[in-house]
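Biologist: Could you walk me through this model before I set anything up with it?
Modeller: Gladly; have the structure open while we talk.

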Amino acid sequence: TDGSDNLTSTGTVPWANLPIKHLNSQYDSVANVGSGEDTLMTYTLSAGTVVAAGDRLTIHASGLLDAATAQTLRFHIGGTPFTLFSASGIVGKQWAADINLIANSNTAVSGYVNAHYSDSPAETPVTYTLSFAGLGVSTFASNSVIKFTGEGTNNNEVQQHSMSITYYAAP
């Protein structure tokens, strides 16, 4: 401080040293094409981004589930898939996923997903939590692909409208 409780700066902080970094933001809508699993949105996390106990990633994503037939939405990190939704008859419902990954030691990563879908503010959303216990920091030792995939029977049954990824350095 300068003695008057005002913060002052004597120089700039390199981007690499910032404690909070917005790594990625995507907002062009994408959807599955026909049957089979299709990549919706993807980001490659640089090697060594999550290394210290307390380092954290938050990932926020949203889209639309729109099929009377079977559809599946998955989140992938470092080649490991996690199924967020897999059901039939989810027609015209917005989905959202909030994912938090934290290095709880120099070797282990834990975290959770809060995922839900509903078609109106008045509807009680279907919500659940998925744990990432056992995902290792070694996942982040090399470049790690973070992606969402959708699988349906016909075009546009699993849509993704946004994804943002933020990094928080250990305190």
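Biologist: Okay, what kind of model is it, and how many helices and strands does the protein chain have?
Modeller: This is a predicted model, and the secondary structure of its protein chain comes to zero helices and twelve strands. Read along the sequence, the pattern is accordingly β-β-β-β-β-β-β-β-β-β-β-β.

Biologist: And how much of the chain is buried?
Modeller: Of the 171 residues in the protein chain, 39% are buried. The accessible surface of the chain comes to about 8700 Å², and carbon and sulfur atoms account for 52% of that area.

Biologist: Which strands form the open sheet, and in what order?
Modeller: Four strands make up that open sheet, in the order β3-β11-β5-β6, and the pairing is antiparallel. The edges are taken by β3 (36–45) and β6 (80–87), each of which has a single partner strand, so one side of each is left without a neighbour in the sheet. With direction ignored, neighbouring strands of this sheet are turned by 15 degrees against each other on average.

Biologist: How many bridges are there between β5 and β6?
Modeller: Strand β5, which covers residues 71–77, pairs with β6 in the antiparallel sense over seven bridges.

Biologist: Where does Val145 sit, then?
Modeller: Val145 is in strand β11, which spans residues 144–152. The C-alpha atoms of Val145 and Leu45 are separated by 6.1 Å, although the two residues are 100 residues apart along the chain. Leaving aside neighbours within four places in sequence, Val145 is in contact with Thr42, Tyr43, Thr44, His76, Ile77 and Gly78.

Biologist: Switching topic, which residues touch the most other members of the largest nonpolar core?
Modeller: That core has 33 residues, and those touching the most other members are Leu57, Phe75, Trp95, Ile146 and Phe148. Two or more residues each are given to this core by β3, β4 (56–67), β5, β6, β7 (90–103), β8 (108–118), β11 and β12 (158–168). The largest share, six residues, comes from β7.

Biologist: So what does β7 pair with?
Modeller: One partner is β4, which runs antiparallel to β7 and is joined to it by eleven bridges; in that pairing Ala61 has Ala97 in β7 as its bridge partner. Strand β8 is also joined to β7, by ten bridges and again antiparallel, and Ile99 stands opposite Val113 in β8.

Biologist: Now the loops: is Asn32 buried or exposed?
Modeller: Asn32, in the loop between β2 (30–31) and β3, is buried, with a relative accessible area of 0%. A polar atom of its side chain lies 2.7 Å from the backbone nitrogen of Glu157, and a polar atom of the Asn32 side chain lies 2.8 Å from the backbone nitrogen of Val158. Beyond neighbours within four places in sequence, the residues in contact with Asn32 include Asp38, Leu40, Gly150 and Asn156.

Biologist: You mentioned Asn156; what is its phi?
Modeller: Phi of Asn156 is near 65 degrees, a positive value in a residue other than glycine. In general, most residues other than glycine have a negative phi. Asn156 lies in the loop between β11 and β12 and, at 43% relative accessibility, counts as partly exposed.

Biologist: Last one, what is Gly89 in contact with?
Modeller: Gly89 is found in the loop between β6 and β7 and, apart from neighbours within four places in sequence, is in contact with Ala67, Ala68 and Thr69. From Gly89 to Thr69 the C-alpha to C-alpha separation is 5.9 Å, while in sequence they are 20 residues apart. Gly89 is partly exposed, with a relative accessible area of 45%.

Key: Residues numbered from 1 in each chain as written. Predicted model: local features only at pLDDT ≥ 70, side-chain atom pairs only at ≥ 80, totals over all residues. Heavy atoms only, no water. Buried < 20%, exposed > 50% of the residue type's maximum accessible area, 1.4 Å probe, protein only. Areas by Shrake-Rupley, 256 points an atom, 1.4 Å probe, with all protein chains shown as cover. Contact = heavy atoms within 4.5 Å. Pairing = 2+ DSSP bridges. Axes fitted to C-alpha atoms, helices over the stretch in contact; angles between N-to-C directions. Polar contact = N/O pair within 3.5 Å; in protein donor to acceptor, adjacent residues only side chain to side chain. Core = buried A, V, L, I, M, F, W, Y, C linked by side-chain atoms within 4.5 Å.
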